[in-house]
Amino acid sequence: MTDNDQLSGLRTEIRDWLAHNLPADWRDRQSGDDIAGFLAMQREWFTKLVEAGYATPHWPKEWPGGGRSLAEQIVMFEELARGGAPRMSLFFVSLYHAAMTLIECGTDAQRARHLPAILKGEVWCQGFSEPGAGSDLAALRTRAERRGDRYIVSGQKIWSTLGHFADQCLLLVRTDSSGAKQAGITFLLMDMKSKGIDVRPIRQITGDEEFAEIFLDEVEIPVENLVGQENEGWKVAQVTLSSERGLTLVELTERMALSLWRLVDAATQGTGDTGMLDRSVARSLVDISARIEAMRAMLATLMANRMAGREAVGDASILKLAYSRLSRDFTALGLRLQSFAAMRDTRYVLGAGYETGNWMFDFLNSYQYNIAGGSNEIQRNIVSERVLQMPREKLG
C-alpha cells in the first residue's frame, strides 16, 4: 500500500502526537509481575488514545475518531507500533470484539449502555472456548435455559484473555441440542459481577497469568442481554471473530521489525574486540530480517486485496501460519544468543509484544500464536481443503 498525501499527513500527525504523549516509563510500569502497574498504565494510555481519537478509528463516524478507512487504520496501527507505544492489551476485546459485535448486531439499548461505557474504560472478555471443545467452537456445551425473563447458565469457559479483570463478557451458550452443532448456539452479554461466576487465572509456563477460566453455576442473565436471535449466535460470533480484520498481525509484525535490534545486540555481546559475528549467527540474523520483510510484503498485499474486495479464501490462514512460525524462530534465535545472566536480570514487560528483552519469556510466549485465533492445524486444514482443493480427511 502506497501512501497518498492524506495518509502521509496522518503518519506525521501520529508521530508528532506520540512525541508529546508517549509515557517514557511505560515499560517500567508494566514490567515483571506488577499487575497493579500494568492495569494503571493500560488505563492511562487508553484514556490518552480515546481523547486523541486514536482508539476507535474503526467505529462509525458519529463516535470520536470514528469513520476511518481501513487504509487509515493500517497507518495508525503501524505508527503506534513503530513509535514503541504500549499495546492496548486490556482493552482490545472491548474496542474490537465487543464494540463491533454491538454495533453490527446489538440493540439500540445495548449500544447506548455499553459503547459509552467502553470509552470510559469498561473491560470485556470472551467466553467462547471450552475445555472439551478444542478448536471446534461449535462443540461448546455450556448450557443456557430460558426461564421467564432470564437465561440460567451453567458450564465452563477457558482461555479467556484477561478475564479476571473484565467487567463484561461476550458469552456463547447452547440453547438447543436437537440439530446441527452451530444451529443451537446463542450469544449473550454477561455481567462478570453476577452471582454464580467463579473466575480463576491460569498460570502459564512464562509465570504470567494472561488467561483465565470461568466457571458458571446457574448464572442469571436477563433476556435483554441476548444479541441477535436465540439459536442464531453462530452468525453473531462470526462478526465478533472478524472484527479486527487482520490488523493485529500488522501491529505485531511491525513490533517485531522494531525489535530486530535486540537480536543484533544479543548477537554482538560476545564478539569481543573483533566485533565479528559467527557465520551461522550472521546467516540467522539475515534470514530473520528477510522473513520479516516478506511478512510485511504479504500483509500489505492482503490488506490491499481486502480493500479492493479481492481477498481470497484462505489468504488470512496462510498469513497466520507464516507469522506463527516467524515469531517462534525470531524468539528462538534470541534465546540462543542471550546469556543466562542477561536472561536472569532482564524483567519481562506485560503486553509488550517483542519489546521485553527477556528472550526466554518471549520464546515461551510465542507458542500462543500456534493456538490463538485458530490453531495451526485448523489453519492448515483451511489451506489444504479450501485453497488447494484437497479432499477432506475421513473420520472414523
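Reader: Why is Trp45 called buried in this structure?

Author: In this predicted model, Trp45 has a relative accessible area of 2%, and since buried means under 20%, Trp45 is therefore counted as buried.

Reader: Why is Trp17 placed in a class by its relative accessibility, and which class is it?

Author: The relative accessibility of Trp17 is 15%, and the cut-off for buried is under 20%, so Trp17 counts as buried.

Reader: What makes the pair of Trp17 and Trp45 stacked or tilted?

Author: A search of the whole structure finds 12 aromatic pairs. For the rings of Trp17 and Trp45, the centres are 5.5 Å apart and the planes stand at 45 degrees; rings pair if their centres lie within 6.5 Å, and planes count as stacked under 30 degrees and as edge-to-face over 60, with the rest tilted, so this pair is tilted. The pair links distant parts of the chain, with Trp17 in helix H1 (residues 5-21) and Trp45 in helix H3 (residues 35-52), 28 residues apart. Trp17 and Trp45 also form one aromatic cluster together with Tyr54.

Reader: Why is the pair of Tyr348 and Phe361 described by a distance and an angle, and what do these values make it?

Author: A pair of aromatic rings is described by the distance of the centres and the angle of the planes. The rings of Tyr348 and Phe361 have their centres 4.1 Å apart and their planes at 0 degrees, and because planes under 30 degrees apart count as stacked, the pair is stacked. This pair, too, links distant parts of the chain: Tyr348 is in the loop between helix H12 (340-345) and helix H13 (359-366), while Phe361 is in helix H13, 13 residues apart.

Reader: How do you know whether Tyr348 and Phe361 are buried or exposed?

Author: Tyr348 has 15% relative accessibility and Phe361 has 7%; as buried means under 20%, Tyr348 counts as buried, and Phe361 counts as buried as well.

Reader: What makes Arg328 a charge over the ring of Tyr367?

Author: Arg328 lies over the face of Tyr367, at 3.5 Å from the ring centre, where the distance cut-off is within 6 Å. In another such case, the charged end of Arg200 sits over the ring of Phe215, 4.1 Å from its centre.

Reader: What is to be noted about the phi of Trp159, and how exposed is this residue?

Author: Trp159 has a positive phi of about 60 degrees although it is not a glycine, and its place is in strand E3 (residues 150-161). At 49% relative accessibility, Trp159 counts as partly exposed, because exposed means over 50% and buried means under 20%.

Reader: What is the phi of Leu162, and why is this residue called buried?

Author: Leu162, which is not a glycine either, has a positive phi of about 50 degrees, and is found in the loop between E3 and strand E4 (168-174). Its relative accessible area is 9%, and the cut-off is under 20%, so Leu162 is buried.

Reader: Which residues make the nonpolar surface patch, and how is Met390 classed?

Author: Ile318, Val387, Leu388 and Met390 make a nonpolar surface patch of about 340 Å². Met390 lies in the segment after helix H14 (376-387). With 45% relative accessibility, Met390 counts as partly exposed, because this value falls between the cut-offs of 20% and 50%.

Technical notes. Residues are numbered from 1 along each chain as its sequence is written. This is a predicted model: local features need pLDDT of at least 70, side-chain atom pairs count only at pLDDT 80 or more; totals for chains, interfaces and linings use all residues. Side-chain values use heavy atoms; hydrogens and water are left out. Patches are made of residues with over 30% relative accessible area and no salt bridge: like charges are joined within 9 Å, nonpolar side chains (Val, Leu, Ile, Met, Phe, Trp, Tyr) within 5 Å. Accessible areas come from the Shrake-Rupley method with a 1.4 Å probe; for residues, only the protein chains shown count as cover. A salt bridge is a side-chain nitrogen of Lys or Arg within 4 Å of a carboxyl oxygen of Asp or Glu. Helices (H or I, at least four residues) and strands (E, at least two) are DSSP runs, numbered from the N terminus. Buried means under 20% relative accessible area, exposed over 50%, partly exposed in between (1.4 Å probe, protein chains only). Rings of Phe, Tyr and Trp (its six-membered ring) pair if their centres lie within 6.5 Å; planes under 30 degrees apart count as stacked, over 60 as edge-to-face and the rest as tilted. A charge sits over a ring if NZ of Lys or CZ of Arg is within 6 Å of the ring centre and within 35 degrees of the ring normal.
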